[in-house]
Amino acid sequence: MCQGKEIIAERIKAIPPSPTLTITAKAKALRAAGEDVISLAAGEPDFDTPDHIKKAAIDAIHSGFTKYTEVGGIPELKEAVAQYIKMEYGLSYTLDEIMISCGGKQALYNLFQVILEPGDEVIIPAPYWVSYPPIVILSGGRPIIVKTREEDGFRLRAEDIKPYIGPKTKAIIINSPSNPTGSIYAKEDLLKIAELIIGYNIHIISDDVYHKIILDDIEWCCIASLGKEVKKRTFIINSASKTYAMTGWRIGYLIGNKNVIKAATRVQSQSTSNPNSIAQKAALAALTGPQDFVRGFVEVFKKRRDLLMENLAKIPGVSCFRPQGTFYAFPRFSSYFNKKIKDSLKFTEYLLEEAKVAVVPGIAFGSDGFVRLSFATSLDTIEEGLFRIKKALDKL
Ligand SMILES: Cc1ncc(COP(=O)(O)O)c(C=O)c1O
């Protein structure tokens, strides 16, 4: 290192350390020391990737499909995405409006690299998925956090957005179903937001990665389907990760304005290059193959959600919005905060030390006072985890 020269760039220093990593590292250390630690922190389905998807990958390897592909994804996969979106959303897109990426996260990263000028603002409703603010910052933008209310089911109201819109506002993120709250926007809510946005030169990023994990009898709707004008302004992010239990395969996609897709593909060409060729073939099998097992996954998540809510209700002083989608719940535990346990990070450390249960602190999602509990784990683990949490809290 050159003396006097800082090695870490300023924009990287602006990325806060992840509270999730702190907890995960502590949980690991406890496990290594022989402690029986339970995790309610998983951010992915606990199911294995279905066999027909694995087989497509194995066939791809055997047939030598192991070279570079088109940077923005193979045409067959883009075609499959177009067909899938037509079926799921009722929307038509051409192949030049679709880019395949290394997961939904890379799609978001490339998109922000393309659309943000330095200082451009992105409205992010809180609680938010942990990666939105850092990705905006890494792309030179400014995250503008707008709090939602628990009593509104953590849904942003159009009138809440208006005061935050200014000359620098470039985009707003809508994530429905939401990580971490499991809340889903109703069509009427989205219509109001769409009407507001159309009046301004703002883009919408619809992060739909949980759109198939709907636990109640609710009609899911993507804001892009609410008219031509709003479709023009919307970028869809979706992924094979959560729907098909394919988190490690790293296949996602970005859909929207073809000039932006072209530019995002240029970003991809100078960073990751194409998404993994074998994983693309696996994702093709996922999108074009049988879909009924997804309903099976959802039925399992539903049972787990119900058990989690039942057991949470036994803990006094805790409120929790009943998740309508995803595999997360976001209960408020702030009534247990005290002089020593001042915030959600300290609270999760207490649960780990006292109950040997790992959960994610609400502060990671921009909402201290809460924790995220994942029910992507067995019924026994959920029951035991909640039992231990209650016992630990009884001591406070
Ligand atoms: C809300 C949300 N969006 C996007 C992603 C990105 O998923 P992936 O990059 O695996 O497609 C995740 C993953 O946890 C998520 O929770």
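1. Thr-326 counts as buried because 28 C-beta neighbours lie inside 10 Å; the cut-off for buried is 20 or more other C-beta atoms within 10 Å of the residue's own, with 12 or fewer for exposed, partly exposed in between, and C-beta atoms placed from the backbone. Phi of Thr-326 is near 65 degrees, a positive value in a residue other than glycine. Thr-326 sits in the loop between α12 and β9 (328-329). Helices here are DSSP runs of H or I with at least four residues, strands are runs of E with at least two, and both are numbered from the N terminus.

2. On the basis of these remarks: this is a predicted model, in which local features need pLDDT of at least 70 and side-chain atom pairs count only at pLDDT 80 or more, while totals for chains, interfaces and linings use all residues. Residues are numbered from 1 along each chain as its sequence is written.

3. Overall content and dimensions. The protein has 14 helices and twelve strands. Its radius of gyration is 21 Å, close to the 21 Å given by the globule rule for 396 residues, so the protein is as compact as a globular protein of that length. The radius is taken over C-alpha atoms, and the rule is 2.2 Å times the number of residues to the power 0.38. The C-alpha trace spans about 60 × 60 × 55 Å along the principal axes. Of the 396 residues, 47% are buried.

4. Contact range. Among contacts in the protein with a separation of 6 or more, 75% are between residues 24 or more positions apart. Two residues are in contact if their C-beta atoms, placed from the backbone, lie within 7 Å.

5. Phe-154 has a positive phi of about 60 degrees although it is not a glycine. Phe-154 is placed in the loop between β4 (142-147) and α7 (158-161). Phe-154 is buried, with 23 other C-beta atoms within 10 Å.

6. Cis peptide bonds. Pro-127 belongs to the loop between β3 (121-126) and α6 (132-138). Another cis peptide bond joins Asn-179 and Pro-180, where omega is about 25 degrees. Pro-180 is in the loop between β5 (169-175) and α8 (187-198).

7. Packing of α12 with α14. Two packed helices are described by the angle between their axes and the distance between the axes. Helix α12 (residues 292-312) packs on helix α14 (residues 379-394) at an angle of about 15 degrees, and their axes are 10 Å apart. Axes are lines fitted to C-alpha atoms, for helices over the stretch in contact, and angles run from 0 to 180 degrees between N-to-C directions. The two helices α12 and α14 are therefore roughly parallel to each other; angles under 35 degrees count as roughly parallel, over 145 as roughly antiparallel, 65 to 115 as roughly perpendicular and the rest as oblique. Their crossing is right-handed, meaning that the near helix is turned clockwise from the far one by less than a right angle, whereas anticlockwise is left-handed.

8. Residues between α12 and α14. From α12, Lys-303, Arg-304, Leu-307, Leu-308, Asn-311 and Leu-312 meet Leu-379, Ile-382, Glu-383 and Leu-386 of α14. By class, this contact has six nonpolar, one polar and three charged residues. Ala, Val, Leu, Ile, Met, Phe, Trp, Tyr, Cys and Pro count as nonpolar, Asp, Glu, Lys and Arg as charged, and the others, Gly among them, as polar.

9. Packing of α4 with α11. Helix α4 (residues 75-89) and helix α11 (residues 277-288) pack at about 25 degrees with axes 9 Å apart, which makes α4 roughly parallel to α11. The crossing of α4 and α11 is left-handed. Glu-76, Leu-77, Ala-80, Val-81 and Tyr-84 in α4 meet Gln-280, Ala-283, Leu-284, Leu-287 and Thr-288 in α11. The residues of this contact divide into seven nonpolar, two polar and one charged.

10. Leu-108. This residue is part of helix α5 (residues 103-115). Leu-108 counts as buried, with 25 C-beta neighbours inside 10 Å. Apart from neighbours within four places in sequence, Leu-108 is in contact with Ile-135 and Ile-237. The C-alpha atoms of Leu-108 and Asp-207, 99 residues apart along the chain, are separated by 8.8 Å.

11. Val-357. Strand β10 (residues 357-358) contains Val-357, which is buried with 24 other C-beta atoms within 10 Å. Not counting residues up to four places away in sequence, Val-357 touches Ile-38, Leu-40, Leu-351, Leu-352, Gly-385, Arg-388 and Ile-389.
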